Amino acid sequence: MARTVVCVTEAFQKPKTLSDLVIFSDPRPQIPAGDLSPYMKYCSMYAKEHKVWLVPHRFVVDNKLYLCLFDPNGSVVAHQGSLHRHLSSQSKMDTDHSVHVIQTPVGNLFLCVDTDIYYPEVLRLAKLKGADLVISSQYINAYDFKPKRITTGIWNAAQQQGLYVVGCSNAFSAVAAPWELTPDGTGFLVQPEFTQHLFCKLYFNKLERSAMGGKLAEQLNPELCKRYAAIISQR
Amino acid sequence: MKQLKYRSAAFLLSNKLDPSAIERVFRSRPMKPSAELNYVNKSNIKLAVVQMQLRPYRSLSEWIAHLQDLVTEAQENGAQLVSFPEYVGLLPLLISPTFRELAEDFFDALEENKVDLCREILSFFNEQLSELLFSCYYNTFALLANRSRLYIHAGSTLLFDHGKLQERCFLFGPDGEAVLEQDKLFLSKTEKALGICPGSELELSDTALGRVAILPGADSSYFEPAKIAYQLGAQIVLCPVSPIQQDNEVAERCGPWMRCQEQALYALVPRFVGNWDHFRFCGKAAIFAPYEATRSSKNGIVVQCAQNDSEAVLFSRVNLDYLDLPVDLYASDSNPDFSRQLAAAYSAFPQPMEHLEPQVQEDE
């Protein structure tokens, strides 16, 4: 796996030619429960028809917010529940317990659900588990949308962990990468814009060139991390 | 290496950097004590960071005079704490033309990736210069703090201590006592190859200005040290970041600026600027804060030098009450199960754990 072509598009629109991985962009907070079954069925057909890996929109099952991954045969091969909640939904929603990184031909993927992108600890564990591509799908209230939501979210994740982050939300779509790998040095391969369409080629071998690329565990201070493991992990 | 030449130069330097010589310089060039620490209001803390021009010094008194001028400028602007750049403690070495040459050789070897030569030079440093240089560094900054009656963050220096080469930072209180000592925690590949050892503890100091931590060099490029500092109660972090040769604001934002956004801290970032041999050091000194604490600009920058090539002392008042940020609904949840998993991963370092390998999930 040397290169992956990512395409963000509105649900069920034909992806751009050569796309390997498609992410559905949807302005809604999540798929309504009543629509979930047919939605997943259509997603499966879409992945099969276009021969792509597919990350559809967020959905709720058993009070947990999820993202999932379809393979080009139309099967769900992985899912990730949100590990943290927006505080307004804390009383209504449950959380998942662990970080799953999925090895696929389109990269070692971590599906970052909603607000998890604002927790560097989550992304750190994903990186330690070998992730090189993060798909972040989130909902941001219009009155809450400010630069901080991007810089402390997908941008920080890409710089801090040395991996690619495709950000897809109701407010923007963008691709963040370690700043050393972006032609304009901004840390974005595709600048954040209010759009539901995006197309980008990601070269995984380039990640080694960034300061945080490669094996991060070798760069951290083992003794310090052990000594303060409980403090670093707590919120 | 020409051992005899360097040993003679070390002997000559030891006479020049004698503690009594330092005392004499301070006596001949007295400083006016500041009264700024007589009354401290946590909502009006006055901080200064130094953007220090690299220059050749012909004598110890020239180096001390340079430091005194910078502190005096900060003092005149009402500063209560002054922060100096990383490796400021190595500057007295440049008083000796022989060691100036040796330092240039060291940087050339570093650039050409001649690690063995670098290690040989460092080994001589450990043996002949480390103690001498450290004593000069410690005495000078202790006196600087004592005579100015200010908190002085003395950047950092290299020190060979208990058989280990470490980069160590000090914060001196207004009486001249060291109130905080911190070893660099995260090392670059080059630093590791050179045999520098990382620290393993993060210290904090309860100063009159608030709780202070020091995160030198790359320590502020990782979220872990800043998070530990914040969880232990830090309000101000001193970040003497490594001298850089390329000015890139985006790259700079990956360090202390981002730690302020993650952990609600004030960060002071002193810098070296100027040319030395064929190296050009740049980068803008700054004071950073969370977005919400920079009430007028809302960009997380309290103050930053406009130029990256000239000396300056930056000064700003900060309000520690501004660090009590409103709850961010997007980033304030907790998940004990996840925390346990993360703690287990950190506790297992440095052995890679099999369960941390990526895997394909079963169909559900």
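Which hand does the crossing of α4(B) and α5(B) have, left or right? I looked this up and noted that the crossing is left-handed.

Basis of the notes. I am working from a predicted model, in which local features need pLDDT of at least 70 and side-chain atom pairs count only at pLDDT 80 or more, while totals for chains, interfaces and linings use all residues. Residues are numbered from 1 along each chain as its sequence is written, chains are lettered from A and ligands numbered from 1 in the order in which they are written, and side-chain values use heavy atoms, with hydrogens and water left out.

Entry on α4(B) and α5(B). I found helix α4 (residues 97-111) and helix α5 (residues 115-148) of chain B packed at an angle of about 145 degrees, with axes 9 Å apart. Axes are lines fitted to C-alpha atoms, for helices over the stretch in contact, and angles run from 0 to 180 degrees between N-to-C directions. Helices (H or I, at least four residues) and strands (E, at least two) are DSSP runs, numbered from the N terminus. Among the residues in contact (heavy atoms within 4.5 Å), I listed F99(B) and L102(B) of α4(B), and L117(B) and C118(B) of α5(B). By class, this contact has 11 nonpolar, no polar and one charged residues. Ala, Val, Leu, Ile, Met, Phe, Trp, Tyr, Cys and Pro count as nonpolar, Asp, Glu, Lys and Arg as charged, and the others, Gly among them, as polar.

Entry on chains A and B. I read that 69 residues of chain A are in contact with 58 residues of chain B. The area buried between them is about 6,000 Å², with 59% from carbon and sulfur atoms. Buried area is the accessible area (1.4 Å probe) that two parts lose on being put together, summed over both.

Entry on salt bridges. I counted a salt bridge where a side-chain nitrogen of Lys or Arg is within 4 Å of a carboxyl oxygen of Asp or Glu. I looked up K148(A) with D328(B), whose closest N and O atoms are 3.8 Å apart. K148(A) is in helix α3 of chain A, and D328(B) is in the loop between β14 (312-318) and α9 (336-347) of chain B.

Entry on α2(A) and α7(B). I found that the axes of α2(A) and helix α7 (residues 223-231) of chain B come within 11 Å and cross at roughly 145 degrees. This crossing is left-handed. P120(A), E121(A) and R124(A) meet F223(B), E224(B) and K227(B) here.

How values were computed:
A crossing is left-handed if the near helix is turned anticlockwise from the far one by less than a right angle, and right-handed if clockwise.
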